[in-house]
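Visitor: I am new to this structure. Please take one part and show it to me closely, step by step.

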Amino acid sequence: MTGPLHQGAIEPALAPAVQPLREPARGRTRRRRWSPARIGIYVFLLSAAAFFLLPLYAMIVTSLKPMDEIRRGGILALPQAWTLEPWRQAWSGVCTGAACEGIRGGFLNSVWITVPSTLLAIAIGAVNGYALSFWRPRGANILFGILLAGAFVPVQVMIYPLVRVMALAGIFGSLPAIVLVHLVFGMPVMTLLFRNYYAGVPHELFQAARIDGGGFWRIFLQVMLPMSLPILVVAAIMQVTGVWNDYILGLVFAGRDNLPMTVELNNVINTTTGTRQYNVDMAATILTALLPLALYFLSGRWFVRGIAAGAVKG
Amino acid sequence: MANVHLRDLNIRLGGKDIIRGLDLQVAPGEFLVLLGPSGCGKSTLLHSIAGLVEPASGAIEIGGRDMTDAEPSERGIGMVFQSYALYPTMTVEANMSFGLRIAGTPKDEIRRRVARAASMLQLDALLSRKPAQLSGGQRQRVAIGRALVREARVFLFDEPLSNLDAKLRAELRRELKLLHQALGSTMIYVTHDQVEAMTLASRIVVMDRGHIQQVGTPAEVYERPANRFVAGFLGAPPMAFIDGAIDAAGRLRAGAIELAPRAEGMGPAPGPVVLGVRPEHVAIGDGPLRAEVTLVEPMGNHQVVWLRTMGAGGNALGALVHDARVFAPGQQVAFGIDASRVSLFDPQDGRRL
């Protein structure tokens, strides 16, 4: 009987005691939402965003217009007669050199190049970083120094020697050749990423695994790799964007049957015969950029972290 | 249970001599504490016993077998690290059983051993948790459990309590001692905390700059420090050192302090000495000496009174007071020193006289 009565009596008694305390607290902590400085920041951010997004807007709008509308000018105007025909053309009809089958083939080639180049580079980079951080073989620092120095040599310098080496090995102009080249050029960054990540792992963890009887591969696969998810994602993003966006290596090493999408795109746009189809060019360009763009939007947080990992810890 | 025998051990790391010509015997079932300031080589020594650091020369015997070149996992040791070093992606159970699974121990046996260790360490309810979901004390229990499960012959502890807060540290310290009483295994424990060393050890090894300064029971090391370093390192508040000399009659004069010749046996030869006085051997209130109070530190169950002897070039020394007398800075007091308990050191090399 007394229980409910008590509760009823206490609650209203407490309420006024709490209320006046809250009021000034709320007033203190609330921030003014629209101060002049804040408005200035938004104006700057919005105009900067508009500046960088304008070309993309122009591309999308142009790719959705028929040619006669484009010839009339007004590059920023919305299409009057919307059409998806340029996109269909770009994907499966436009001429890339001799053949006129669109850049679909280039897309598939790029996938075939990117997937093994990414998986192998990450696998080797992770093992390298793990070995350098934990097992510290004799001369590890010298080895790592050489690897890093490699990252600073311009790719163009290496092209001719690499062409000779590939030709000697008999794989020049093939899928294995282009994957191998991407592996070689991706290795310094991949190794650096994993080495720095594992340098942040307490050495005692490795020692504990050693006492538990773990060997090189077991500690790597069962202890280190399961805790490497963040850096695996970062490495995948970096390698996929790097390989997908590559032009020069694909042009030189991939061979005629494996030309990546970037090379096909260039063939589409630089074709000198016939009239220039701006709408198809735009559609093909967007299609080529779509994968890195999507990757960026889906994993923006990781992407930034990857850039920071390279910048701060390098 | 196994003995550990280190013979003429030399360890070099990064071109520097960390341990030089070290000999040490650890008896089976002993709780040996390696005590010293950071950088004295105690952790390196422990790592070399574990096989994580390769000695430049010398031999390491565990259980009568030469293990100098053996893999860490072959040495029959379990190790507990300061940072817990738990596998972050594995559950408590998987953490404890990792070593056994690698060794290919039968599943039933693994379950039996994990259950036994878990019940000893009150981890039964936490077996399916990940390390991130545990508190610091629980994590260190899991790390101890991982060593227990291995049924190691020698347990190695590398400052296992240093990452815990004071209350938890005292709690886990008592648990470790109980664990040692229950298991009777050989334990080698590295710490820089003299309280841990005094409370846990059956023998303490005091180290400094890669050399063993003294080996002995906690009482021996505390009461009869082998040199000034050991005397100064053990004890809080620390021992006070006062330069003085012994005259031909055997009387000691150090500053304003005068002590009668030692009753028992032979005192040291006349000449300069350093007098070492522990605060508990200074009695305020009775005695022929006079001093001024400079500082009072109340500790709850006792107080530390800091004194400065009267006269020119007065010497500072601390005194423990266990009653409720009230002292104020500036107050003059009489005090006495228990002459039979003081330590005397050689002023040149710091050895005990």
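Guide: Let us begin with the place where the two chains meet. In this predicted model, 14 residues of chain A are in contact with 16 residues of chain B. Two helices of chain A, H9 (203-211) and H10 (216-224), each supply at least two residues of the side that touches chain B. The largest share of that side comes from H9(A), with 6 residues. Sorted by class, the side of chain A that touches chain B has 7 nonpolar, 3 polar and 4 charged residues. The model scores ipTM 0.86 and pTM 0.81.

Now to a pair of helices within chain A. Helix H8 of chain A covers residues 175-199, and helix H11 of chain A covers residues 229-245. Their axes come within 11 Å. They cross at roughly 160 degrees. An angle over 145 degrees counts as roughly antiparallel, and H8(A) and H11(A) are therefore roughly antiparallel to each other. H8(A) passes H11(A) in a right-handed crossing.

Which residues make this contact? On H8(A), they are A:His182, A:Gly186, A:Val189, A:Met190, A:Leu193, A:Phe194 and A:Tyr197. On H11(A), they meet A:Ile231, A:Val234, A:Ala235, A:Met238, A:Gln239, A:Gly242 and A:Val243. The residues of this contact divide into 10 nonpolar, 4 polar and no charged.

A:Tyr296 has its place in helix H14 of chain A, residues 278-298. Around A:Tyr296, 14 other C-beta atoms lie within 10 Å. A residue is buried at 20 or more such atoms and exposed at 12 or fewer, so A:Tyr296 is partly exposed. A:Tyr296 and A:Thr241 are 55 residues apart in sequence. In space, their C-alpha atoms are 9.0 Å apart.

Last comes the partner chain. Chain B has 353 residues, and 39% of them count as buried. Chain B contains 8 helices and 19 strands. Its C-alpha trace spans about 75 × 45 × 35 Å along its principal axes. Take the contacts in chain B between residues at least 6 apart in sequence: 65% of them join residues at least 24 apart. As for confidence, chain B averages a pLDDT of 90. In chain B, 98% of the residues score at least 70.

How values were computed:
Residues numbered from 1 in each chain as written. Chains lettered and ligands numbered in written order. Predicted model: local features only at pLDDT ≥ 70, side-chain atom pairs only at ≥ 80, totals over all residues. pLDDT = per-residue confidence, 0-100. Axes fitted to C-alpha atoms, helices over the stretch in contact; angles between N-to-C directions. Helix = DSSP H or I, 4+ residues; strand = E, 2+ residues; numbered from the N terminus. Parallel < 35°, antiparallel > 145°, perpendicular 65-115°, else oblique. Left-handed = near helix turned anticlockwise from the far one by under 90°. Contact = placed C-beta atoms within 7 Å. Nonpolar A, V, L, I, M, F, W, Y, C, P; charged D, E, K, R; others polar.
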